[in-house]
Amino acid sequence: MPHIYIVTDCEFDGPIPGTHSMLSFASVAVSESGQILGEFEAVLEPLEGAARDPVTTAFWQAHPQAFAAATENPEPAAEVMARFVTWVKAFKAEPIFAAHPVALDGPWLDHYLKRFTGRPLYQGPWIADRLFRHPPLCILSLVAGATGRKPWECDIAHYPREWLGNVPHTHRAIDDARGYANLLHFFLTRREAGGGYRPLLS
């Protein structure tokens, strides 16, 4: 079967999945050759009993348009996650979860998948009916390895805009997922073409 990357960005109201809530998330499906195959976007109702983190709340107050996009017309989390599983499976491919960095967004998807679908983000090869059949891909680490940059240099503030497909990083989940999908596309297609990479821009 072909492989696809499910490039995902999450927005949340605090740092701890479960203690805090995921407000919204979006995913872009990218083929092995770097082609965009589809998108998923959802706003979720807060978890029962969860609280908002004051520091994260202050961040959202500084980005009111992004906060509005992350909180308008929320749906029950169980319905969203069930729909997400159906969307991933519909590609008839072996999906690989990807995020920039996976250490930030991965725990959120893992928590919500386990809580509402009984499926952790990564299941070992002994599980026959896996949603994601391979370990998650960290796009930040991919960029670091491909370019020789230090991990702390792998940030949207240091990337040429064309690497992100000139998509602004707005903190709206679908915008940011599209930018990271373009970033993955850039490195996948440059790899296939045997191209080089531009140095870090100051």
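This is a predicted model: local features need pLDDT of at least 70, side-chain atom pairs count only at pLDDT 80 or more; totals for chains, interfaces and linings use all residues.
Residues are numbered from 1 along each chain as its sequence is written, and side-chain values use heavy atoms, with hydrogens and water left out.

Colour next by secondary structure, taken from DSSP runs numbered from the N terminus (helices H or I, at least four residues; strands E, at least two): the order is β-β-β-α-α-α-β-α-β-α-α, and the protein has 6 helices and 5 strands.

Now select Cys10, Glu11, Phe12, Leu104 and His171, which lie nearest the centre of the largest pocket, among its 17 lining residues. A pocket is an open set of points on a 1 Å grid over the protein atoms alone, where a 1.4 Å probe fits, with protein on both sides within 12 Å along at least five of seven lines; lining residues have an atom within 4 Å of a point. Extending the selection to β1 (3-12), α1 (54-61), α4 (102-117) and α6 (173-193) shows the elements that each give two or more residues to the lining of the largest pocket, and β1 supplies the largest share, 4 residues.

Finally, move to the second largest pocket by selecting residues of its lining, including Met1, Lys89, Pro95 and Arg133; α3 (77-89) and β4 (94-99) are the elements that give two or more residues to this lining.
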